[in-house]
Structures are given as structure tokens and as C-alpha cells.
Amino acid sequence: MPVAAAGWAGAWLGTGLTGPDRWSVTTVVVVLVVSSAAAGIARRRRLVVVAAAALALLGSVVVGGLVAQGVTHGPVADLARSRAVVAADVLVRSDPQVRTGQFGGYATVRVRVETISGRGRTWAVRSPVLLVIGGDQAVESWRRVLVGSSVRVTGRLETVDRGSDIAAVLRVRQGADVRAPPSRSLLVVERVREGLRTAVAHRPPEPRALVPALVLGDTSAMTDDLQRSFQATGLTHLTAVSGANLTLLLAFLLFAAKWSGVRGWWLRGVGLGGVVVFVALCRTEPSVLRAAAMGLVALAALGAGGGRKGLRQLSVAVLVLVMLDPFLARSVGFALSVLASAGIVWWASSWVAVAVWLPRPVAEAVAVPLAAHLATLPVVAALSGAVSVSGLLANALAGPFVGPATVLGFAAAGLSLVSPWPAAAAGWCASWCAQVIIWVAQVGAALPGSSWQWPATPVALGVLGVVALAAGVSVRVLARHRWWALAGSVLMAAGMLTGPVQPGWPPREWRVVACAVGQGDGLVLRAGPGQAVVVDVGPDPVAIRRCLAGLRIRSVPVVVLTHFHADHVDGLSGVLGRLPVGQVWVSPYASPSAEAAEVAALARASGAVVRSPPVGETGRVGGVWWQVLGPVGLPRGAAGGGAGGRSADAGESAESGAENDASLVLRVGVDDLTVLLTGDVEPDGQARILATGADLSADLLKIPHHGSRRQDPAFFAATGARIAVASAGEGNSYGHPAPSTLRLATHLGMTVLRTDQQGSIAITDRDGRLAAVTQR
């Protein structure tokens, strides 16, 4: 293990250095190596380990530096530094990944540049580059491009961060100009992959999407809600090409082969064939080869009883992989794969050995994902800022269905070359196994305590690592006795049903809570015991659902969506369908049209009434009263739903500004506390509302547009608010809240609170005295 750790560290160091730094650091490493070897000789203890670790450190630094030198130097990198417009012939190395950005949809594709022309010259190269394709038509064209195709592209090159495994980013906006199709072998692989999709095409959308994700790592058809459910329950590793997944596949294959009477070298042939099929169908990308290596190591360790021998095998695999591809040392996926395999090697085999009251195939199916989940817990928490409490139980429950779903999926893919009927039968069985996994994820994600927020600080992550180690030891003890295991499961389920309890939160006298929902708005107004009016729902259903659960909200008479930007409406499924909702209020300007249609569909499915309240309307529900102040002066097309297509903060376009100024603006009261809710209304809209002479006075101001720099000082002054709340995401790329807006509010005597720094914020009114309680 020290040798592998030294090799990993050296590769990370070598790939992150450029120019003179690389050789100066290499010199320092050489000195350290010589010193370590001398110390080992002097003490004559563990000399071999010290010398091997020193050699691995030196070798990996040199190899990493040489590989990085080849990537960061050459015509492509040089042209990128001058942001040149180039024409290039590229070989497609990955499937297009379609994503949504602040300016709409785009796609990314990893390619290898074969020839490149720019600045009046042409070069023959072999440089890895990431294509970023913009424009709806171009993205749709690239969806049909197969891996292995040769394509001519034109675009602008951009540089990448230090330590990246690509030479540049090439931004293009035209469709794919395919010059040559993939090789015959790649066409066969693509035909088999398409055969799997066809075999499950008759199934419902969710299992139809999950089976290709389990088998091929293809998550393109998985909905955002389904992916969030998998993230909340720690099942995301099932939808990626991972060593743990291959381990489950091979374990199931070998068990079936043994049960059929296969022995000796034929049994090894079954395992090797499984690996070959896995790599071929998932393609020979670095992540797939990494997963195959980690999966074989974990499987060998399971068969040999794990322990020290398994860790030695894992260490050898790590050292070989970082030498072959030093950039793996900087890959989060590689770290997760290694940790998952280490968990399987160290824990899973011992758990299976002591759980004699379970059939071995079931014990392995439960132990493998459970060990992988515990081992990767600190890294996942560092990436997501949350800990999946339901992940332990969810992995245990889903584990027995992962192997069959994966094997049957591979069978469906292979049978598709022979006949569609047996392929459809295998696909039908695979989709039912996948459906059980989906049910586990959805039920687990719906529990109040499914996912707990966890700070990504070194101390907090260290504590989590200790907890994960303790849990690993505890599982071994519990696995010996079925009743102890059952009791532990009951306690875990109780924790998920109640959720985490934070002392002092929420305060007993809370009136308004600004939920920390990321870069978006989500406010809760207390209407009575267990009742609340919700104003905007943020971009993430999980975040708003977690906030409402923490406030013990059981019903929502009204959900107010100030306008249809994603950071105000995309979390709606976290309220609708989860809690009883009476009405959904929306802006009269139904733009962007896609988000407006989605809101209407969700409301219709839940039975909630959708309406746009007119300006001047007043009313009351429970302890909340309201008066609608805006929007005033709607843009043309308000009644019929404008052309939209922009997400929140999509720039300073006229359409985006019109959508912001169409925000519902309300003056509301919660008992004796008055609040001005402003959505994303901009200076023009603020001035129009101010010109109506409406009463804007309030105790609390929700700062418009997350604290954007575009504000009307007269509008702020007219509120006379004592507290101003800016709802923004931590480290957001828009710079919200802007320093100028914070100075404006402070200059007017307001106390400024912000969710990006203080988490959720509760405002209380104690005998006419305003107070605030924050989660952080």
C-alpha cells in the first residue's frame, strides 16, 4: 500500500506541473528518494518497502511529467493559448453528453485531433480535445454521431486548467460533418448497444432508462428526478461504469456457472468472457479499463477471502494503472473506484464469511454495494455536501437485483444479434429487476432523513471517515446474528423516518424561513400548525423538500411561483406530489414556455389549481394575508406564453429581462410581520411598481434577483425594511449578491442576511421584536 500511495502521489504531482517547475520538483523528489533509501539502509528495517516506494514516487513523477508534457505542448495547445479559430479532423472517442447550461442546451464530446489547420499552417497530431457543441440544431446533429467516426469540425480553441488530461477545448456551433464511419468492430458494438435499447423499448420510461445505465453506463435517458433519487440514496454508482458493478456481474455469472456444473479452467473462461464482453460493450475508454481492473481485483479478493492479500493485489493494480495513465491520479472517478474496491476487498469478504444465516449469493449481493458505499462515503460527501443515510439500507435492498438486472441486460444485448424475441424476453426480465431498484431509490429518497447535509471541511470529512470505519466494523459484528442485523436495520430506518435534528432549528416562533436551496429562491410563510405558503421552490426538489420536512410542514394551501425561470420552479416536484397543495399561483407571462408547460403538467397531475392572481388582489389563508403589487406593465405576449428558452440569469437579453420583470410581487403579512416578496423584478419593473403609489413598507425585504447589482435605490428606500435577505447559492458564478447591492441595503439601515453564507434563515417576531436564527 505505501508503494501504491507513493505512485499515486507522484503521478498527481507530475501531471500538475509545467515548464521549469516540473524539473525543479523532480530534482527535489530525487533528493527525497535518495534520502529515504539512505535512511532505510541505515536502519535496515523495511528496506525493500522504502526503496520501492521511493522508486515508485520518482518513476511516477517522471512518467506523469512526460505524459503531461505531451498533452500541454504542441500545435493544439499553442493555438489554444492564442484562442485561434481552427479546422480539424477529429476521431470521436465518446458518446455526446447533452447538458443544460445558463444559455440553453449544449453537448460535450471527447475526441482525438488527427490533423489541425490554423494560423496558415497544418499539422498532423494525436491530441485529446473536448468538443463543446452549442446550438439546438448542432446538438441534435451530434446526437447521431457514433463513437469511432471521423468528423471535420471548425471552431475556436480555448485553454484548459493545469492538470487537465486534454490539450484544449474546441467550441463549435455547426452540425457534425462526418467524413468516415466507425470501424466494422465498433459498428457491431453499436448494433449490440442499440439492440439492448430496443429490447427494453416496450417497458415504462424509468426502467427503460435504467437498464442501459446499469449495463452500459448510458444515463442519457434517465430523468433528473430519477437521478436525484439515486443520488439521495447512494445508488449513483450503479449507473456508472464501475468496478463494483463488474464485480456483481462476475459474481453472478460465476455462481450461475458453478450451479450449472462448470469447473476448473472453464470457470475461469466464463469470468474472462464476462470481462471481455463488459469492456467491448462499454467501450475501451480509460474509465472502463479502470473499472475492469478494479472489478477483477475485487472479485479475486472475494474468492480468496480478501484481507491483506486482496489489498496487495489492489495496490499493484493502482500502481500499474497510474503508470499507464498518470492522469487517473487526478480523477475523482478513479479515487471512488479504488476506495470502493478497497471496501469490497477489506470488508465484503469477511461480512459474507460470518453471515452464515444468509445464502451466499444473497450475502454477496448485499455486502458488495454496502462495502463500496461505506468506503466512498467521505469522498462523496466532499463532492455533494451531503451524506446519504438511506444509502446503507438502499444498497442492501437493491443489491440482490443489480446482478440479475445487469446479467439479463447483457443477455438481451447479445440475443439482439440473433432474434428480437428472446432479446425482448430478457429485456422484460431485466427491466423488472430494474423496477425494484427504482422503487427502492424513490422510497428511500422520499424519507425525511434520507440525505443529511454535511460540511465539506477537512475536520468534518475526517469525522465522517472515522464514522464510516466504525460502521464497517459494526456491520461485521451485526452480520454474525440475524436478530442484531434486523435491529440495526430498524434503527437505521427510524433515523431515515425522522431526519436529522439540529438543536435550535427551527426556532419555535418562526414566521418566515428563507430556505437554502442553492442558486435560487425558496421561502416558507407559516400559515398555521403544519401549514405554510411556499413562495418559489428553487432549482432542486430535494433541497426544498428537505427544508419543508425540517419545518414539519404537512400541507401547503398555496405555492407561489413568481416567474418561470428554472431557479424558481425546477424544485416544484419536491412539493407537488409530496404534500397536499391547494393552488399554484404563477406569473401571467408564461415564458420560458418549456418551464411553464412543465409547471402546468405537474400541477395537473397533483390536482392543484393553477391561476395568475391579478394586481390589487388581497386575501388571507390562515395566519398569512397578501396583496398583489405586480407585475405592472407586462411585455407583449403575456397572455399567450412568450417564446422563452432562457434559464435564470441567462444574461442581459431583452427576453430574460422581460421574464424577470413579469415576476409576481406581493406584500404579505405573517401575523404582525410584514414581508415584501419581489421575485427577480429588475429596476424597470421596480420603478413601475413604485410609480403606482402602492404601499411597499415592510419589516423584511426579499432582495430582488438574488442580490443582483441591478436595483432601484428608491424602491429599496420605500420599503423601510429592517432586515433584507439575499437568497443565493454558495460560490455561484454570477457574483450574487453583488457588493453594490449589499452596500445599498446596509446604507439604508437594513441588516443583511444571505443564504449562501448562513444557510436557511428563520425570521421570528417576539413581542414586536424582530430576530433571525440561521442554520450555520
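This note goes through the aromatic ring contacts of a predicted model.

1. Basis. Because the model is predicted, local features need pLDDT of at least 70 and side-chain atom pairs count only at pLDDT 80 or more, while totals for chains, interfaces and linings use all residues. Residues are numbered from 1 along each chain as its sequence is written, and side-chain values use heavy atoms, with hydrogens and water left out.

2. Ring pairs. A search of the whole structure returns 5 aromatic pairs, where rings of Phe, Tyr and Trp (its six-membered ring) pair if their centres lie within 6.5 Å, and planes under 30 degrees apart count as stacked, over 60 as edge-to-face and the rest as tilted. One of these joins Trp 347 and Trp 351, whose centres are 5.9 Å apart with planes at 10°, so the pair is stacked.

3. Trp 347 and Trp 351 are separated by about one helical turn, being 4 residues apart in helix α13 (residues 332-354); helices are DSSP runs of H or I with at least four residues, numbered from the N terminus. Trp 347 is buried at 11% relative accessible area, and Trp 351 is buried at 3% (buried means under 20%, exposed over 50%, partly exposed in between, with a 1.4 Å probe and protein chains only).

4. The edge-to-face pair. The rings of Trp 428 and Trp 432 have centres 6.2 Å apart and planes at 70°, so this pair is edge-to-face. Both residues lie in helix α17 (residues 420-446), 4 residues apart, and Trp 428 is partly exposed at 41%, as is Trp 432 at 36%. Ring pairs link Trp 428, Trp 432 and Trp 439 into a cluster.

Key. Helix = DSSP H or I, 4+ residues; strand = E, 2+ residues; numbered from the N terminus.
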